[in-house]
Amino acid sequence: MVRPALILSTAALSFSAAVLLPAAEPAAGWSKLPRLPAAVQEIYPAIGAGKIVVAGGFGKAKEGAKAPRIEDRCFLYDATRRTWKEGPKVPVKRHHLQLINRGDTVLAIGGYEFIDGKLWNMPSRVFTLAEDQATWTPGPDLPAARGEFAAGTIEGTVVVTAGRKMIGEKTGD
């Protein structure tokens with residue numbers, strides 16, 4: 001039996017693949033979706049209020065930039081209309097931002113922020129996308145900052161497991 005947290009992680013990976021694969025005929029059981037309005041990577045989507053939600057990530061860097069551009073943009077995919085629209089900006093630009101579904105809301109957890117010239121700062125702040133998908137509000141902070149982890153919900157409880165943590169001023173497993 002597969003635990004619910006693993007099902008959610010697998011679903012997030014499936015949406016990433018469906019959105020980001022190059023143009024090709026989809027294999028059996030897959031559907032090709034319209035492209036995201038912007039090129040982003042290191043994203044971990046979720047479903048909230050019936051829409052696929054993508055937020056944060058690395059955007060296309062400007063020519064000559066020393067670091068990738070970190071996004072605060074959010075995109076919502078409406079499967080009924082087969083269209084993407086831009087949603088509310090995440091309050092802080094973040095890459096490797098883990099989105100998970102909790103009821104009709106989406107939580108934005110962990111990831112990394114660019115602070116003081118460092119690209120890999122792990123925050124503990126969590127944001128919640130409102131059910132109407134118009135705003136992000138602060139959620140309960142993580143007990144400890146984490147990045148690149150697996151997350152999901154079991155009976156309404158958010159579960160965060162594995163991933164990376166801060167060890168001194170460096171990230172570690």
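## Surroundings of Gln133

Gln133 touches Gly48, Ala49, Lys51, Val53, Leu76 and Pro88, residues up to four places away in sequence not being counted; contact here means heavy atoms within 4.5 Å. The model is predicted, so local features need pLDDT of at least 70 and side-chain atom pairs count only at pLDDT 80 or more, while totals for chains, interfaces and linings use all residues. Residues are numbered from 1 along each chain as its sequence is written, and side-chain values use heavy atoms, with hydrogens and water left out.

Gln133 lies in the loop between strand 12 (127–129) and strand 13 (136–138). Strands (E, at least two residues) and helices (H or I, at least four) are DSSP runs numbered from the N terminus. With a relative accessible area of 9%, Gln133 is buried; the term buried applies under 20%, exposed over 50%, and partly exposed in between, using a 1.4 Å probe and protein chains only. The side chain of Gln133 reaches the backbone oxygen of Gly48 at 2.7 Å.

Three strands form an open sheet in the order 1-4-5, with antiparallel pairing. Strand 1 (40–41) and strand 5 (69–70) stand at the edges with a single partner strand each, so one side of each has no neighbour in the sheet. Two strands pair if DSSP finds at least two bridges between them.

Strand 4 (residues 58–59) and strand 5 run antiparallel and are joined by two bridges. Within strand 5, Ile70 is the bridge partner of Phe58.

Rings of Phe, Tyr and Trp (its six-membered ring) pair if their centres lie within 6.5 Å; planes under 30 degrees apart count as stacked, over 60 as edge-to-face and the rest as tilted. The ring centres of Phe58 and Trp120 are 6.3 Å apart and the planes stand at 80°, so this pair is edge-to-face. It links distant parts of the chain, since Phe58 belongs to strand 4 and Trp120 to strand 11 (residues 118–121), 62 residues apart.

Tyr112 and Trp120 form another edge-to-face pair, with 4.9 Å from centre to centre and 75° between the planes.

Technical notes. Polar contact = N/O pair within 3.5 Å; in protein donor to acceptor, adjacent residues only side chain to side chain.
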